[in-house]
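Reader: I would like to learn how to read features of a protein model with some care. Could we take them one at a time, with the general idea before the case?

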Amino acid sequence: MDLRIRKAAYIVAIAIMLALVAAKSWSQTAESQPEHFQRSFTVNPGATLAVENYKGTIHVAAANGNQVTVDVQKRFEGSDADRKWWMENVKISFHDSPGRVEVKVDYPTHNCIICRQTGDYTAAVELEIGVPRQINVKLDGYKPDIKVSGIQGDLTIKSYKAPMLVEGTTGAIHIDTYKDTIRLRDVTIRGTLVVKSYKADADINALSLGQSAEVSNEKGSIVVRVPAHAGLTVDFEGGRHSSFSSDFSLRASAGYSGREFHGEINQGGAKLRLRTVKGSVELRKAAGEL
């Protein structure tokens, strides 16, 4: 046999073998993901957790130790036939290193020829994630229920209409969302706080606002609560249908009106930039400090 033909045959054989191995590996991965399972990863202090989940839940809670533990629960309501198809086609992938853990949920769609197409069901993946305290967290989802508590690191959240609760964290916080609710409870900002939304109601209770804070929306309410002794340099601007109120004594540096205020509280301090078009903005003393 000609040498070139033998080489070509060899290459084809290798390609077929690799394809079969990949197919077998994919099948084993699918079969190894039951309705409920856990995965754990060891990470270094200051590592990053990155999670993508379109819907369902993303709950992240800090604890002692150096493990990221991901508890996965698939939820489905619908016919048995749809359930089988959905369970077989939803995929949760993991990529890990000592400095980073990535979790991604890929939901099945009906855009393929061989997929079953009935579709009268509700289904989602719930992620309960335990993490070390010293970790950075990045979350991305369309409408999952989001909760983060106890971390000492930077937090970034990008969503469309996900209700979110952040409690007892220390670090920078950056949130970009469309609507629903944003609740920050007993957070200590190190670095910057940025909360941007279109229609979300934001309720922020901060022990410290760090270097600077920016909270803005088009519609909805903004309530910022800080300790009574907090020093702030406030920059508020609102549209015709906006309102601004404060528990603090305000010393204006560039005039004050119901739709604009630039000045200081307690001789100034962290820069607080507040913007809204049609919403209400309230600057309040923390509970028990009136």
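Predicted model: local features only at pLDDT ≥ 70, side-chain atom pairs only at ≥ 80, totals over all residues.

Reader: How should I read an aromatic pair, and which kind do tryptophan 85 and tyrosine 121 form?

Author: A pair of aromatic rings is described by the distance of the centres and the angle of the planes. Rings of Phe, Tyr and Trp (its six-membered ring) pair if their centres lie within 6.5 Å, and planes under 30 degrees apart count as stacked, over 60 as edge-to-face and the rest as tilted. The structure holds 13 aromatic pairs; the one between tryptophan 85 and tyrosine 121 is tilted, at 6.4 Å centre to centre and 55° between the planes. Because tryptophan 85 lies in helix α2 (residues 80–89) and tyrosine 121 in the loop between β6 (100–106) and β7 (122–132), this pair ties together parts that are 36 residues apart in sequence. The rings of phenylalanine 236 and phenylalanine 244, by contrast, have their centres 4.7 Å apart and their planes at 20°, so that pair is stacked.

Reader: Is tryptophan 85 buried or exposed, and which residues of α2 are buried?

Author: Tryptophan 85 has a relative accessible area of 7% and is therefore buried. The buried residues of α2 are Asp82, Trp85, Trp86 and Met87, and their cover includes β4 (67–77) and β7.

Reader: How do I read the two faces of a strand, and which residues make up the covered face of β6?

Author: In a regular strand the side chains alternate between the two faces of the sheet. In β6 the covered face consists of Val101, Val103 and Val105, while Arg100, Glu102, Lys104 and Asp106 make up the uncovered one.

Reader: Which strands pair with β6?

Author: Two strands pair if DSSP finds at least two bridges between them. Strand β2 (residues 47–52) runs parallel to β6 and is joined to it by 5 bridges, with leucine 49 having valine 101 as its bridge partner. Strand β5 (residues 91–97) pairs with β6 in the antiparallel sense over 7 bridges, phenylalanine 94 standing opposite valine 103, and a hairpin joins β5 to β6 through 2 residues.

Reader: With which side chain does the side chain of histidine 59 make a polar contact?

Author: A polar contact is a pair of N or O atoms within 3.5 Å; within protein, one must be able to donate a hydrogen and the other to accept it, and residues adjacent in sequence count only if both atoms are side-chain atoms. Histidine 59, in strand β3 (residues 57–63), makes such a contact with the side chain of aspartate 145, at 2.6 Å. At 14% relative accessibility, histidine 59 counts as buried.

Conventions
Residues numbered from 1 in each chain as written. Heavy atoms only, no water. Helix = DSSP H or I, 4+ residues; strand = E, 2+ residues; numbered from the N terminus. Buried < 20%, exposed > 50% of the residue type's maximum accessible area, 1.4 Å probe, protein only. Contact = heavy atoms within 4.5 Å.
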